[in-house]
Every structure is written in structure tokens, then in C-alpha cells.
Protein chains: 2
Amino acid sequence: MATQTPDSPAAAPAARDAERTRAEILAVATREFADKGFAGARVDEIAAKTRTTKRMIYYYFGGKERLYVSALEQAYTGIRALEQQVDVEHLDPAEAIRQLTALTFDHHESHPEFIRLVSIENIHRARHLVRSEILAGLANPALDALTRILVRGRAAGRFRDDVDPIDVHMMISAFCVFRTANRYTFNAIFQRDMLDPARRDHYRTMIGDLVLEYLTAAG
Amino acid sequence: MATQTPDSPAAAPAARDAERTRAEILAVATREFADKGFAGARVDEIAAKTRTTKRMIYYYFGGKERLYVSALEQAYTGIRALEQQVDVEHLDPAEAIRQLTALTFDHHESHPEFIRLVSIENIHRARHLVRSEILAGLANPALDALTRILVRGRAAGRFRDDVDPIDVHMMISAFCVFRTANRYTFNAIFQRDMLDPARRDHYRTMIGDLVLEYLTAAG
DNA sequence: CAATGTATGTACTAGTTAGTTAGTTATACG
DNA sequence: CGTATAACTAACTAACTAGTACATACATTG
């Protein structure tokens with residue numbers, strides 16, 4: 001109890017480490033906001049779940065709303081960074097679409113917190129997202145990759161040529177987001193858990209089929 | 001200023017009318033909860049926007065949470081009643097799918113408040129919906145209609161026979177719900193308003209194509 | 001090793017918010 | 001016409017909640 005290792009995992013005051021404190025607040029805040037929404041989350045509870053105090057939230061973030069915006073910004077930039085690693089350029093167009101779709105699918109499934117924050121931000125009519133300087137000009141790597149695949153597919157005469165990349169992206173997102181975001185009410189009404197692991201492959205294939213059949217149809 | 005007509009539209013105390021007061025509270029509450037979520041909505045503000053007082057909310061509904069549940073129940077039963085009017089039994093299967101899809105599309109577009117309440121309820125992990133006696137056993141007319149269409153389509157050899165009605169319903173809902181529920185963040189990121197009237201027909205056709213191409217594909 | 005600013009904790013406050021208490025007024029009914 | 005009861009109101013309260021004032025410890029640097 002007397003001495004501490006510099007990186008003691010989860011108990012002691014962990015000396016002074018601004019970056020660490022800031023990061024811990026942000027991580028806890030992300031969970032809390034994703035769980036309860038902006039109005040439902042409590043600053044005191046966020047503080048209680050960190051190893052520091054409420055005072056530090058105001059010291060580092062300036063207020064509840066700015067903390068929420070920081071959490072949203074971090075969630076978006078994290079997701080974008082992941083998307084940037086997409087590499088489907090070397091594949092045949094159809095296979096590239098399948099991979100990209102599967103990637104989005106896996107992605108949304110493994111980041112339910114992000115999906116929840118997006119839902120919450122939509123309830124707020126994207127007020128914070130629009131005002132955020134960080135998020136305003138954030139490119140979408142997934143859309144860029146998709147655009148290039150569509151160009152190649154059209155050039156090869158494999159895809160119809162009246163499709164818009166944003167529409168295709170929308171279609172993929174709609175399916176993957178709905179599966180996670182509306183899981184609870186859907187399950188309550190239809191007694192079907194869209195995230196049941198037993199049905200995972202089925203849905204993963206389904207969205208791929210759906211998009212490809214659309215892209216290869218007559219037009 | 002002295003006398004009042006019995007049904008003066010929006011100003012006077014409107015005498016005593018229990019049903020009217022109850023309905024007005026519920027209508028205002030639905031708007032407020034859909035707008036700000038459960039935690040974000042304020043009982044005082046709901047009361048202020050009615051012609052009655054906060055006390056009446058407690059008199060008729062018993063509390064904030066029970067008022068929220070009542071609003072949710074009314075929204076769901078209203079939507080179900082509308083869906084019950086679906087009549088596509090006499091149409092050829094493909095045309096029936098197109099009509100049902102368009103109907104869901106129109107429906108979601110014209111009831112953004114309902115979509116918002118569903119999003120909010122999902123943030124709460126459908127806690128209230130699951131506990132509601134009214135909503136627990138509520139059938140889904142749209143799903144029933146869809147099931148019958150699929151049976152007919154399969155019998156006629158027009159649709160593949162490995163599709164599940166709930167999956168098809170999910171696909172339609174995903175598209176239509178996403179378009180309304182994620183409108184704001186999608187627009188902020190892609191500068192595209194999915195509810196722009198100029199693009200309405202395009203999307204309405206698109207979801208129909210999508211579903212039909214899936215249903216008529218090889219399997 | 002002094003001093004200066006960064007990082008942190010404690011205790012508080014002003015304003016808000018769900019819910020209640022203690023009544024009053026209108027209406028239906030005998 | 002009077003009285004029981006349903007419908008209604010105003011004012012209050014206890015608990016909560018975002019935000020702050022103030023005090024202090026630590027670490028870096030000259």
C-alpha cells in the first residue's frame with residue numbers, strides 16, 4: 001500500500017498524468033453518453049467512474065456539452081481511422097463490394113457505442129456535429145473506396161452505370177446501422193435478435209447479395 | 001373577453017373535459033419526448049404547452065415515466081391501426097411488394113415523430129416497450145401482409161423460396177427508418193438531405209427495386 | 001532549492017426538476 | 001336545489017445537478 005508501480009492498473013492515484021486523466025475522463029464519458037444520452041448522463045456519475053474528480057472534467061473539457069462533443073469527435077475520428085485501413089483496390093469489383101460491405105458490417109457490429117452516439121446525435125438533429133470544427137470537414141474513407149470500386153466495376157461493364165456512390169453507401173449503412181441501432185425494439189416486436197451470433201453470417205451475406213444484385217441489375 | 005364559445009379553439013379554459021385534457025397532455029408529451037428524449041423532456045414544459053397544469057399530468061398519468069410509456073403506446077397503436085388498412089392482396093405479387101414497400105416508405109416519411117420515439121426507445125434498450133402490456137402482444141399487420149404476398153409469389157414461382165418474411169421486413173424497415181432517423185448526421189457528413197422532396201421518388205423506387213431484385217434473384 | 005505554473009481535491013451554491021400538499025370549482029345526479 | 005364527486009389550480013418542497021471558489025500538492029526549470 002506504500003509504494004506504487006508507475007502504471008498501476010486500476011486502483012491508486014497513479015501520480016500526476018494529465019494525458020492519462022484526460023483520456024480516462026473521455027473514455028468514461030463516451031460510455032455514459034452512449035448509454036444514457038446527453039441529457040440522461042450525469043456529470044457526477046462520469047466523475048465517480050473515473051479515478052479523478054468532477055473538477056477535472058471542468059478543468060479539461062470546460063463543461064458537460066463540450067465533454068459530449070469531445071466524446072463524439074473522438075468516436076468519429078477513431079472510426080474514420082479504422083476505415084482508412086480499408087484496402088480492396090486489388091480485388092475484382094464484385095469481390096471488393098462484398099469485402100467493403102462485410103467490413104462495414106463487422107465494423108458497426110463491433111462498435112455499438114459509436115452507433116448509439118450517432119443515434120443520440122440524430123435526436124439532437126446533429127447540432128453538435130455540425131458545429132464541430134474537427135468533424136465538419138472529416139472525409140469518409142469508406143465512401144472514397146466505394147467510389148473507386150464503382151468506377152472500376154462500370155469500366156469493366158459489370159455494374160450498371162446509373163448508380164451514385166452515396167446511394168450505395170446509404171444502402172449499406174442503412175442495413176448495418178438498423179441492425180445495431182434498432183436491435184431492441186425489433187427484438188421486442190418480432191422476437192428476433194438481429195445480433196444473435198447464429199444469424200450473423202446469414203445477415204452478412206444478405207447485405208452483400210442485396211448490394212451486388214442491385215449493382216448488377218439492368219438499371 | 002367576457003363570454004366564451006363552448007369549443008373555443010385554443011385560448012380559453014374550455015370548461016371541464018377530462019378526455020380533452022388527457023388527450024391534449026398526451027399530444028404535447030409525444031411532441032416533447034420525440035423532440036428531446038425521455039431525460040431531456042421537462043414535465044414543467046409539457047404542462048406549460050398545454051392549457052392545463054402540471055398537477056393534471058400526475059392526475060391522469062401518474063408520473064413522467066408513465067406519461068412517456070403512454071405516449072409510446074399511443075404512437076405504436078396509431079401506426080398499427082394505419083398499417084391495418086393495407087390492402088395489397090388482390091395485386092400480382094411483385095406489384096404487391098412494390099406497393100407495400102412504398103406504403104412503408106410513405107408512412108415513415110410522414111411520421112418522423114414515431115421514428116424518433118423508436119430511436120429514443122432503442123437508446124433505452126426497449127425497456128418500456130417490453131414492460132408495456134399494450135405493446136407486448138401487438139401484432140404487426142405489415143408483416144402479415146408481407147408474409148401472404150411472399151407465399152403467393154413463391155407459389156407462382158416468381159420469388160425465390162429461401163426468404164424469411166421477417167428478413168424482408170427488416171430490409172424495408174432498415175432503409176426507410178435510416179432515411180428518417182439518420183437524416184441529420186448523414187446530411188452533415190455527405191451534404192445530402194435524404195428527405196429532400198426532389199429525391200423522394202428516386203428513393204421510393206430504389207427500395208422497391210432493391211427488395212424485388214433480392215426476391216427474384218437465384219437464391 | 002526556490003519559484004512558478006500545472007494538476008488536483010474538497011466543499012459549496014444557485015438553479016432546476018419531479019413530484020406533492022392542500023385546497024377550489026364545475027358538473028351530474030338525487 | 002343541494003351535495004357528492006370528478007376535474008382542476010396554485011404554491012410548495014425535497015432532491016438533484018451543473019458548475020465554481022478556494023485551497024493545495026506536485027513537478028519542472030532556472
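Tutor: Helices (H or I, at least four residues) and strands (E, at least two) are DSSP runs, numbered from the N terminus. By that count chain A has 12 helices and zero strands, and its elements run α-α-α-α-α-α-α-α-α-α-α-α from the N terminus on. The C-alpha trace of chain A spans about 70 × 40 × 35 Å along its principal axes.

This is a predicted model, in which local features need pLDDT of at least 70, side-chain atom pairs count only at pLDDT 80 or more, and totals for chains, interfaces and linings use all residues. Residues are numbered from 1 along each chain as its sequence is written, chains are lettered from A and ligands numbered from 1 in the order in which they are written, and side-chain values use heavy atoms, leaving out hydrogens and water.

Let's start inside chain A, with helix H4 (residues 64–83) and helix H6 (residues 112–123): their axes come within 10 Å and cross at roughly 130° (axes are lines fitted to C-alpha atoms, for helices over the stretch in contact, and angles run from 0 to 180 degrees between N-to-C directions). H4(A) and H6(A) are therefore oblique to each other (under 35 degrees is roughly parallel, over 145 roughly antiparallel, 65 to 115 roughly perpendicular, and the rest oblique). Their crossing is left-handed (the near helix is turned anticlockwise from the far one by less than a right angle; clockwise would be right-handed). On the H4(A) side, A:Tyr68, A:Ala71, A:Leu72, A:Ala75, A:Tyr76 and A:Ile79 meet A:Phe114, A:Leu117, A:Val118, A:Ile120 and A:Glu121 of H6(A), contact meaning heavy atoms within 4.5 Å. By class, this contact has 10 nonpolar, no polar and one charged residues (Ala, Val, Leu, Ile, Met, Phe, Trp, Tyr, Cys and Pro count as nonpolar, Asp, Glu, Lys and Arg as charged, and the others, Gly among them, as polar).

H6(A) also reaches across to chain B, where its axis and that of helix H11 (residues 183–190) come within 7 Å and cross at roughly 95°. That makes H6(A) roughly perpendicular to H11(B). Here A:Val118, A:Glu121 and A:Asn122 meet B:Arg183, B:Tyr184 and B:Thr185, a contact of two nonpolar, two polar and two charged residues.

A further pair between the chains is helix H12 (residues 197–216) of chain A with helix H10 (residues 165–181) of chain B, packed at about 55° with axes 13 Å apart. That makes H12(A) oblique to H10(B), and the crossing is right-handed. A:His202, A:Tyr203, A:Met206 and A:Leu210 meet B:Asp167, B:Met170 and B:Met171; by class, five are nonpolar, one polar and one charged.

B:Asp167 also pairs with A:Arg192 in a salt bridge (3.2 Å, N to O), defined as a side-chain nitrogen of Lys or Arg within 4 Å of a carboxyl oxygen of Asp or Glu. Another salt bridge links A:Asp164 and B:Arg192, with the closest N and O atoms 2.5 Å apart. A:Asp164 lies in the loop between H9 (141–155) and H10 (165–181) of chain A, and B:Arg192 in the loop between H11 and H12 (197–216) of chain B, so the pair joins two chains.

For the interface as a whole, 50 residues of chain A contact 50 residues of chain B. Together the two chains bury about 4600 Å², 67% of it on carbon and sulfur atoms, where buried area is the accessible area (1.4 Å probe) that two parts lose on being put together, summed over both.
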